[in-house]
Amino acid sequence: MFSASVINPDLIQAYLESNFHVRTTKPFAIRIGAFSADLEAVHQMSQVSTSCFITPCNPESVQLSQIENIQRLSKFRTEKLLQGLELINGYGQHPTNSWEAEESYLVLGITLAEAKEVGKKYEQNAIVWIGSDAIPELILLR
């Protein structure tokens, strides 16, 4: 399924197993390949049919300092808000907690092409794309 990627297969597996937490007034987590009624409700409330869960932190899974990641999060947030996109804070984390939680955003109303472009700009291995079916999908970028 992901054989053409340069990303380590163990890392891809970790992405597939991770929980992607969305910090709404009623927080919830999404999983790759699993329908999310909570996510569908967020889409309906915001009157969008698509979204993307993405982080600007730790490009290509290389751990940056906390200060560098905070700067990347701030730049990302400012860019997306200026583009008129709605953001919800979140974080991604593997259920074993073997990796530190990674601050992220759920970007509402973004197209798949735009989401891929943003992921590549921030040098990410992958993004989590959510279409109108509210089923998160892992999209590898490398």
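Predicted model: local features only at pLDDT ≥ 70, side-chain atom pairs only at ≥ 80, totals over all residues.
A residue is counted as buried when its relative accessible area is under 20%. Cysteine 57, at 3% relative accessibility, is therefore assigned to the buried class.

No disulfide was found in a search of the whole structure, the count being zero. Cysteine 52 takes part in no disulfide, and the nearest cysteine sulfur, which belongs to cysteine 57, lies 14 Å away. Cysteine 57 is likewise in no disulfide, with the sulfur of cysteine 52 as its nearest cysteine sulfur at 14 Å. Cysteine 52 has a relative accessibility of 1% and so counts as buried.

Three aromatic pairs are present in the structure. In one of them, phenylalanine 76 and tyrosine 105 are stacked, with a centre-to-centre distance of 5.4 Å and an angle of 5° between the planes. This pair connects distant parts of the chain, since phenylalanine 76 belongs to helix H3 (residues 66-82) and tyrosine 105 to strand E5 (residues 102-108), 29 residues apart. Phenylalanine 76 is buried, at a relative accessible area of 1%, and tyrosine 105 is buried at 6%.

Phenylalanine 76 also pairs with tyrosine 122; the ring centres are 5.4 Å apart and the planes stand at 70°, so this pair is edge-to-face. Here too distant parts of the chain are linked: phenylalanine 76 is in helix H3, while tyrosine 122 is in the loop between helix H4 (112-121) and strand E6 (126-130), 46 residues apart. Tyrosine 122 is buried, as is phenylalanine 76. Through these ring pairs, Phe76, Tyr105 and Tyr122 are joined into a cluster. A charged group is placed at the ring of phenylalanine 76 as well: the charged end of lysine 80 sits over this ring, 5.8 Å from its centre.

Strand E5, which carries tyrosine 105, has five of its seven residues buried and so is largely enclosed by the rest of the structure. Strand E5 pairs with strand E3 in the antiparallel sense over four bridges. Within this pairing, tyrosine 105 in E5 is the bridge partner of isoleucine 54. Tyrosine 105 thus takes part both in a strand bridge and in the stacked pair with phenylalanine 76. Strands E4 and E5 also run antiparallel and are joined by seven bridges. Leucine 87 is found opposite valine 107 of E5.

Asparagine 19 is located in strand E1 (residues 19-22). With a relative accessibility of 17%, asparagine 19 counts as buried. The side chain of asparagine 19 makes a polar contact of 3.5 Å with that of arginine 31. When residues up to four places away in sequence are not counted, asparagine 19 touches Ala29, Ile30, Arg31, Tyr91, Gly92, Gln93 and Pro95.

Histidine 94 occupies the loop between strand E4 (86-93) and E5. This residue counts as buried at 10% relative accessibility. Two polar contacts of its side chain are described. The side chains of histidine 94 and glutamate 17 are joined at 2.6 Å, and those of histidine 94 and threonine 96 at 2.9 Å. Apart from neighbours within four places in sequence, histidine 94 is in contact with Ala14, Glu17, Ser18 and Trp99.

Most residues other than glycine have a negative phi. Glutamate 60, a residue other than glycine, has a positive phi, near 50°. Serine 61 likewise has a positive phi, near 60°. Glutamate 60 is placed in the loop between strand E3 (51-54) and H3, and serine 61 lies in the loop between E3 and H3. Glutamate 60 counts as partly exposed, at 37% relative accessibility, and serine 61 is partly exposed at 41%.

Notes
Residues numbered from 1 in each chain as written. Heavy atoms only, no water. Phe/Tyr/Trp six-rings, centres within 6.5 Å; stacked < 30°, edge-to-face > 60°. Helix = DSSP H or I, 4+ residues; strand = E, 2+ residues; numbered from the N terminus. Buried < 20%, exposed > 50% of the residue type's maximum accessible area, 1.4 Å probe, protein only. Lys NZ or Arg CZ within 6 Å of the ring centre and 35° of its normal. Disulfide = S-S within 2.5 Å. Polar contact = N/O pair within 3.5 Å; in protein donor to acceptor, adjacent residues only side chain to side chain. Contact = heavy atoms within 4.5 Å. Pairing = 2+ DSSP bridges.
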